[in-house]
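Biologist: I am new to this structure and would like to be taken through it. May we begin with the overall fold and then turn to the details?

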Amino acid sequence: MSVQEFKFDDLRNILVNRVGLPEDAVVDDPNASFEDMGLDSLAFVEIQLAIQQDYGFTIPDGGAPESTTVGQAIDYSKRRLQEG
């Protein structure tokens, strides 16, 4: 089985289609925080659920606390996909 990639476009797709963020509000900047895009903690939980469902790995109950920015969320997801 090949390792799935997780890129900005994948995250943008989740933010727009699952969380309901307007496409022009999604910032393609690794340092942009989800809070800066107007997302609250509930939206962050929805992002985590979508990633788990779409990419088949589990995020622990504590969540991915280091994933507060676009870049951190992408890096975390890539790392989890590589772990298998």
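This is a predicted model: local features need pLDDT of at least 70, side-chain atom pairs count only at pLDDT 80 or more; totals for chains, interfaces and linings use all residues.

Biologist: How many helices and strands does the protein have?

Modeller: The protein has three helices and zero strands. Along the sequence the pattern reads α-α-α.

Biologist: And what are its dimensions along the principal axes?

Modeller: The C-alpha trace spans about 35 × 25 × 20 Å along those axes. The radius of gyration is 12 Å, which agrees with the value near 12 Å for a compact globule of 84 residues.

Biologist: What percentage of the residues count as buried?

Modeller: Of the 84 residues, 40% count as buried. The protein exposes about 5,200 Å², and carbon and sulfur atoms supply 46% of that area.

Biologist: What about contacts between residues at least 6 apart in sequence: what share joins residues at least 24 apart?

Modeller: Among those contacts, the share is 57%.

Biologist: Let us turn to helix H1. Which of its residues are buried?

Modeller: Helix H1 covers residues 8-17, and its buried residues are Phe-8, Leu-11, Ile-14 and Leu-15. They cover an arc of only 125° around the axis, which puts them on the same side of H1.

Biologist: What covers them?

Modeller: The cover of the buried residues of H1 includes helix H2, residues 41-55, and helix H3, residues 70-83.

Biologist: Changing topic, how many salt bridges are there?

Modeller: The count comes to five salt bridges. One of them joins the side chains of Arg-12 and Asp-9, with 2.6 Å from N to O.

Biologist: Where do Arg-12 and Asp-9 lie?

Modeller: Both lie in helix H1, three residues apart, which is about one turn of the helix. Arg-12 is partly exposed, because its relative accessibility of 27% falls between the limits of 20% and 50%. Asp-9, at 47% relative accessibility, also counts as partly exposed.

Biologist: Which residue forms a salt bridge with Glu-46?

Modeller: That is Arg-18, and the closest N and O atoms of the pair are 3.8 Å apart. The two residues link distant parts of the chain: Arg-18 lies in the loop between H1 and H2, Glu-46 lies in helix H2, and they are 28 residues apart. Arg-18 is partly exposed, with a relative accessible area of 31%, and Glu-46 is partly exposed at 27%.

Biologist: How does the side chain of Asp-54 meet that of Arg-18?

Modeller: The side chains of Arg-18 and Asp-54 meet in a salt bridge, at 3.4 Å from N to O. This pair also links distant parts of the chain, with Arg-18 in the loop between H1 and H2 and Asp-54 in helix H2, 36 residues apart. Asp-54 counts as partly exposed at 39% relative accessibility.

Biologist: And the aromatic residues? How many aromatic pairs are there?

Modeller: There are two aromatic pairs. In one of them, the rings of Phe-6 and Tyr-55 have their centres 5.1 Å apart and their planes at 80°, so the pair is edge-to-face. It links distant parts of the chain, as Phe-6 lies in the segment before H1 and Tyr-55 in helix H2, 49 residues apart.

Biologist: Are Phe-6 and Tyr-55 buried or exposed?

Modeller: Phe-6 is buried, with a relative accessible area of 0%. Tyr-55 counts as buried at 14% relative accessibility.

Biologist: What is the arrangement of the rings of Phe-34 and Phe-44?

Modeller: The ring centres of Phe-34 and Phe-44 are 5.7 Å apart and the planes are at 45°, so the pair is tilted. Phe-34 lies in the loop between H1 and H2 and Phe-44 in helix H2, so the pair ties together parts that are ten residues apart in sequence. Phe-34 counts as buried, at 4% relative accessibility.

Technical notes. Residues are numbered from 1 along each chain as its sequence is written. Side-chain values use heavy atoms; hydrogens and water are left out. Buried means under 20% relative accessible area, exposed over 50%, partly exposed in between (1.4 Å probe, protein chains only). Helices (H or I, at least four residues) and strands (E, at least two) are DSSP runs, numbered from the N terminus. The arc is that of the directions from the helix axis to the C-beta atoms. Contact means heavy atoms within 4.5 Å. A salt bridge is a side-chain nitrogen of Lys or Arg within 4 Å of a carboxyl oxygen of Asp or Glu. Rings of Phe, Tyr and Trp (its six-membered ring) pair if their centres lie within 6.5 Å; planes under 30 degrees apart count as stacked, over 60 as edge-to-face and the rest as tilted. The radius of gyration is taken over C-alpha atoms; the globule rule is 2.2 Å times the number of residues to the power 0.38. Accessible areas come from the Shrake-Rupley method with a 1.4 Å probe; for residues, only the protein chains shown count as cover.
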